[in-house]
Amino acid sequence: MSKPSPSSVLYRLIAAGQLAHKALLVPLKERGLEPGDDAILFELGRSGTTEQALADELGLPLESLNPRLSRLIDRDLIDRRAVGPELVPGVALTERGIRIRNSLADHWAQLEE
């Protein structure tokens with residue numbers, strides 16, 4: 001099999017994907033977040049959701065989501081509280097979490113431009 005040419009579309013797409021991946025990781029690392037934490041922050045809102053609904057939305061088993069949630073709670077980005085009209089146990093963004101989510105969204109928008 002021959003080596004792909006740097007001028008090929010596939011090669012350029014791969015290179016662009018690698019650059020985008022690095023550009024998206026920088027603000028996460030600067031804030032002490034891990035890849036995937038941003039998905040949790042974007043999915044949650046001020047009103048929050050149940051942990052199971054969040055796991056379902058993210059396509060993760062609840063068992064693998066729980067350590068992430070604990071870490072984000074320890075960092076004061078989310079907290080456990082009653083959510084929804086039935087006031088069931090769930091998680092929601094803190095004020096700090098909202099600020100960080102908004103700064104990540106601004107960064108994404110700048111990359112889009």
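This is a predicted model: local features need pLDDT of at least 70, side-chain atom pairs count only at pLDDT 80 or more; totals for chains, interfaces and linings use all residues.
Let me begin with a definition: a residue is buried under 20% relative accessible area, exposed over 50%, and partly exposed in between, using a 1.4 Å probe and protein chains only. Thanks for coming, everyone. Residues are numbered from 1 along each chain as its sequence is written, and side-chain values use heavy atoms, with hydrogens and water left out.

Let's start with the overall layout. The protein has five helices and two strands, where helices (H or I, at least four residues) and strands (E, at least two) are DSSP runs numbered from the N terminus. Reading from the N terminus, the order is α-α-α-α-β-β-α. The radius of gyration is 17 Å, well over the 13 Å that the globule rule gives for 113 residues, so the protein is more spread out than a compact globule. That radius is taken over C-alpha atoms, and the rule is 2.2 Å times the number of residues to the power 0.38. Along the principal axes, the C-alpha atoms fill a box of roughly 60 × 30 × 25 Å.

Now the surface. Of the 113 residues, 26% are buried. The protein exposes about 7,400 Å², and carbon and sulfur atoms supply 57% of that; these areas come from the Shrake-Rupley method with a 1.4 Å probe, and for residues only the protein chains shown count as cover. As for charge, there are 14 positive and 17 negative side chains, and the centres of the two sets lie 8 Å apart. Here Lys and Arg count as positive and Asp and Glu as negative, while His and the chain ends are not counted. Each charge is placed at NZ of Lys, CZ of Arg, CG of Asp or CD of Glu.

On to the inside. In soluble globular proteins, nonpolar side chains tend to be buried together. Which residues touch the most other members of the largest nonpolar core here? They are Leu33, Ile40, Leu41, Leu44, Leu54 and Ile78, out of 18 residues in that core. By nonpolar core I mean a set of buried Ala, Val, Leu, Ile, Met, Phe, Trp, Tyr and Cys residues joined through side-chain atoms within 4.5 Å. Two or more residues come from each of helix H1 (9-30), helix H2 (37-43), helix H3 (51-58), helix H4 (62-74), strand E2 (88-93) and helix H5 (95-112).

Please find Ile78 on your screens. Leaving aside neighbours within four places in sequence, Ile78 is in contact with Leu41, Leu44, Leu69, Leu72, Ile73, Val91, Ala92, Leu93 and Thr94. Contact means heavy atoms within 4.5 Å. Across the protein, among contacts between residues at least 6 apart in sequence, 52% join residues at least 24 apart.

Next, Leu54, in helix H3. Leu54 is buried, at 1% relative accessibility. Beyond residues up to four places away in sequence, Leu54 touches Ile40, Glu43, Leu44, Thr49, Leu65, Leu69 and Val91.

That list brings us to Leu65, which sits in helix H4. Is Leu65 buried or exposed? At 0% relative accessibility, Leu65 is buried. With residues up to four places away set aside, Leu65 touches Ile40, Glu51, Leu54, Ala55, Leu58 and Leu60. Leu65 and Ala55 are ten residues apart in sequence, with their C-alpha atoms 6.5 Å apart. Asn66, also found in helix H4, is partly exposed at 26%, and its C-alpha is separated from that of Ala55 by 9.0 Å.

Now for the loops. Glu34 lies between H1 and H2 and is partly exposed at 37%. Glu34 touches Leu28, Arg68 and Arg71, not counting residues up to four places away in sequence.

Finally, a couple of backbone details. Asp76 is not a glycine, yet has a positive phi of about 60°. Asp76 is in the loop between H4 and strand E1 (78-83), and with a relative accessible area of 42% Asp76 is partly exposed. Leu87 also has a positive phi, of about 50°, without being a glycine. Where is Leu87 found? Leu87 is in the loop between E1 and E2, and is exposed, with a relative accessible area of 59%.

That's my tour, and I'm happy to take questions.
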